[in-house]
Number of protein chains: 2
Amino acid sequence: METETAPQWLTDEEQCAWRTHVEVNRMLTYQLEKDLQPFNLTMNDYDILVHLSESDELRMRMSDLAAATLQSKSRLSHQITRMENAGLVRRENCESDRRGLYTVLTEEGMETMQKVAPHHVASVRRHFVDLVSPEALGELHKALTPIAEHLRSQRGKP
Amino acid sequence: METETAPQWLTDEEQCAWRTHVEVNRMLTYQLEKDLQPFNLTMNDYDILVHLSESDELRMRMSDLAAATLQSKSRLSHQITRMENAGLVRRENCESDRRGLYTVLTEEGMETMQKVAPHHVASVRRHFVDLVSPEALGELHKALTPIAEHLRSQRGKP
DNA sequence: CCTAAGAAGTTGAAAGGTGAACGAATGGTG
DNA sequence: CACCATTCGTTCACCTTTCAACTTCTTAGG
């Protein structure tokens, strides 16, 4: 039995909006990454530092950190090894679950964070936030919210 | 001489909007990539097929394709080698500039494109376009346009 | 012309990412 | 308690991306 349906192509407006969105993301990622380079950090590094610095006791379980930063355990494991070698974080055993580990922000990691954050924020302003009015930013946020919710609900489905 | 300035942190609204934007992008990329997997294509592959299929004579110079898809020449070269092995494209010499090469869409590449496109479009609808009203999509587009322009103007600066 | 500067693309090694398989530890169930 | 499914995090083999070096060709200037 055929269940073929005529494809529901995008209208011109939809296509334009979609392509702009994709393009902005790629270029934005590129710029932010570039602005972090002088500090020898990637966005991935930075993201992890942010999560740790905002968490209780400056530490997070590997799994939680992987979920929070939307990456696989495998990738995070490699990533943390690199950051450990760079002195930004340190692994620490978990008392309550001996399979588990904490990633802990080191003093040096914290200092790096504090040094870099203003530059990164400036970069986000320069390439994104300050380019649109607060109202437009609000609209943007409102438009993206249902999408974010949908995508969160999809995570790890068939 | 100190040129230190108090960092201009993001307001709560700005931060929320920004974080949502980043999160949407990561999750969306993940989903779209996943929806292409059954066809043995990555978004990078697909993007290249789209560019070729929309270009004159179904062919583009390597450099132009690299610029259009926002990747380095080196990366594109490896990428095209893989796609060539998969039979989707073929390299062809350029008469007018003997340093140059064309990437040409093959018959098989075209067929793949036609087979996959409806699914990909459906995926874009399901995870993005259809989740917001046409008005909201318009607002989103309007908000992103100045950002896109700014970023285009930044490409390859110091 | 001839030459030097530079553009087009490729290459190979090193770094980063992926996914399956693994050992260790946990926790619910009979 | 003993079992087995499940979770935690790492590791291995394999693939992709990056970066710098390189070849070949073009082009602008003397």
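Start by selecting DNA strand D: 22 residues surround it, and the closest are Met62(A), Ser63(A), Ser74(A), Ser77(A) and Ser74(B). A residue is near a strand here if its C-beta atom, placed from the backbone, lies within 6 Å of it. Before you go on: this is a predicted model, where local features need pLDDT of at least 70 and side-chain atom pairs count only at pLDDT 80 or more, while totals for chains, interfaces and linings use all residues. Residues are numbered from 1 along each chain as its sequence is written, and chains are lettered from A and ligands numbered from 1 in the order in which they are written.

Now colour the helices (DSSP runs of H or I, at least four residues, numbered from the N terminus). Helix H3 (62-68) and H4 of chain A, along with H4 of chain B, each supply at least two residues of the surface near DNA strand D. H4(B) gives the most, with five residues. Sort that surface by class and you get three nonpolar, 10 polar and nine charged residues. In this scheme Ala, Val, Leu, Ile, Met, Phe, Trp, Tyr, Cys and Pro count as nonpolar, Asp, Glu, Lys and Arg as charged, and the others, Gly among them, as polar.

Next, hop over to DNA strand C. Of the 22 residues around it, Met62(B), Ser63(B), Ser74(B), Ser77(B) and Gly100(B) come nearest. Which helix supplies the largest share of the surface near DNA strand C? That's H4(A), with five residues. By class, this surface has two nonpolar, 11 polar and nine charged residues.

45 residues of chain A are in contact with 45 residues of chain B, contact being C-beta atoms, placed from the backbone, within 7 Å. On chain A's side, helix H1 (12-36), helix H5 (107-127) and helix H6 (134-154) each supply at least two residues. H6(A) gives the most, with 16 residues. The classes on that side are 27 nonpolar, 11 polar and seven charged residues.

For a last stop, pick Pro118(B), in helix H5 (residues 107-127) of chain B.

Notes: Contact = placed C-beta atoms within 7 Å.
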